[in-house]
Every structure is written in C-alpha cells, then in structure tokens.
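Here's a quick look at a pocket and some aromatic contacts. Have the viewer open while you read.

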Amino acid sequence: MAGKNYRNASAKVSRAQEYELAEAIEKVKEITTTKFDATVDVAMKLGVDPRHADQVVRGTVMLPHGTGKTVSVLVVCKENKAEEAREAGADFVGFEDYIEKIQNGWTDVDVVVATPDVMGQLGKVARILGPRGLMPNPKSGTVTMDVAKAVKEVKAGKIEFRVDKAGNIHAPVGKVSFDSANLAANITSFIKEVVRLKPSAAKGQYLQGITISSTMSPGVKVKKDKFVA
C-alpha cells in the first residue's frame, strides 16, 4: 500500500493528463516530500523491440547542468596513464590491484573507465561489473586512451543510457533543488538525444511516452509533440 504522502501527491497529479515540460517540472517539485534532495528521473517509452540488435537504443549525453550527484570514478590502466587519470580527478586509479579487489567483491564506484590495453584482463570481472552497469564500453566512451577526457566528462555530467527489455529508457537528470530552467535544459538534452538515436528499423510511433518523477514521487506525464521530429 502506498504511504499517506504518496497518496496525497498522487491526488495533485492527473494520471491521464500530459503536461507541458515546464508545468510538469513544477508539479514534480510540488509533490516531492522527501527530506533529502531528491533525484529527478526521466522515463521514456519507445516503440522498439530490443530483442532485435538493430533496435537497441543506447548512448551517452552531456547534461548541461550536471546530475547534482558526486560521481566516483575508477580508472583501470597501466602506470603510464595513472598520473593523467589522477590529475583529471579520478577517485581510484590502478590495474591488477583493483581487478583483484573487484574479484573479492568491491564495486563501490559509480563509473569505471579503462584503457584498451587492459580490457583483456578486465574481462575477468565482467560478470561482476556487467550486471551493475559498470563494465567499460567503447560506445559509451569509457574505453579510451584519453582517460583525462573521460574522467572530466563523467564528473561534469555525462550519463549513459540503454533501453531495457520492455522498450523503456530512463536516466537521472538532476535534483529537485535545481533551478527549473536548468532541469528543463537537462531533460530536453536527454530526450533530444534519445530521439536522435531512433533506429532505422523501428516501425510505427517511436516516442510513445515521457514521464518525469522524483525519488518516491508519482510520475508526471510530459507532452511529446515538441520532441517529435
């Protein structure tokens, strides 16, 4: 059963109505009752069948105003890249020592960046990192020799997203405390990038629904027309 605060918040939002983005953001701010600075999430329902490889939607996007979260980054690299990673702001830097730590169950990090020459060894812990969304991937820019750029982008608000088995895609786009205009800019950047990545194999209506919510709040539907090409 939903709690009293959730029920009260739900009463202030029409489940059937789609709101303009600015109004939806104000609704989310109004109905958020957490005592902490809640994260704002965007969820999109896409007209794709992720069972087919040519309809998988995944990518990265730089949020212009960041996520509001302090992101911890591990760079797995050989010694010749270690100092570069540290100077860029990586929280953890190492090679075999961190592979061993991960094998022993350590995953206390938000993003893992790796250089191409260590990916063979990092494969030993793919079964641990993969399910947690931590396995470095060239498509997301987390497998690179330019570790400084990768670390700085992640710290500045670069996020990765991927469609799930049900055709939904979601991502954190800021905090409730953010200025409404900054939240709108982040949300717009995310949605536009997902729309840009529409697979050519996708048939019918691609963008089927957009909902924004905050931690433990009901979802608020957003009008799609301004984001459909």
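How do the residues of the lining of the largest pocket divide into nonpolar, polar and charged?

## The model

This is a predicted model, where local features need pLDDT of at least 70 and side-chain atom pairs count only at pLDDT 80 or more, while totals for chains, interfaces and linings use all residues. Residues are numbered from 1 along each chain as its sequence is written, and side-chain values use heavy atoms, with hydrogens and water left out.

## The largest pocket

The lining splits into 15 nonpolar, 12 polar and nine charged residues. Here Ala, Val, Leu, Ile, Met, Phe, Trp, Tyr, Cys and Pro count as nonpolar, Asp, Glu, Lys and Arg as charged, and the others, Gly among them, as polar.

The largest pocket has a volume of about 860 Å³. Asp110, Val111, Gly133, Ile159 and Glu160 are the closest to its centre, out of 36 lining residues. (On a 1 Å grid over the protein atoms alone, a pocket is an open set of points where a 1.4 Å probe fits, with protein on both sides within 12 Å along at least five of seven lines; lining residues have an atom within 4 Å of a point.)

## Aromatic pairs

There are four aromatic pairs in the structure. Phe92 and Trp106 have ring centres 5.2 Å apart and planes at 80°, so they count as edge-to-face (centres within 6.5 Å, planes over 60 degrees apart). Ring pairs also join Phe92, Tyr98 and Trp106 in a cluster.

Trp106 is buried at 17% relative accessible area, while Phe92 is partly exposed at 23% (buried is under 20%, exposed over 50%, partly exposed in between, with a 1.4 Å probe and protein chains only).

How values were computed. Points joined across faces, edges and corners; volume = space filled by probe spheres on them. Phe/Tyr/Trp six-rings, centres within 6.5 Å; stacked < 30°, edge-to-face > 60°.
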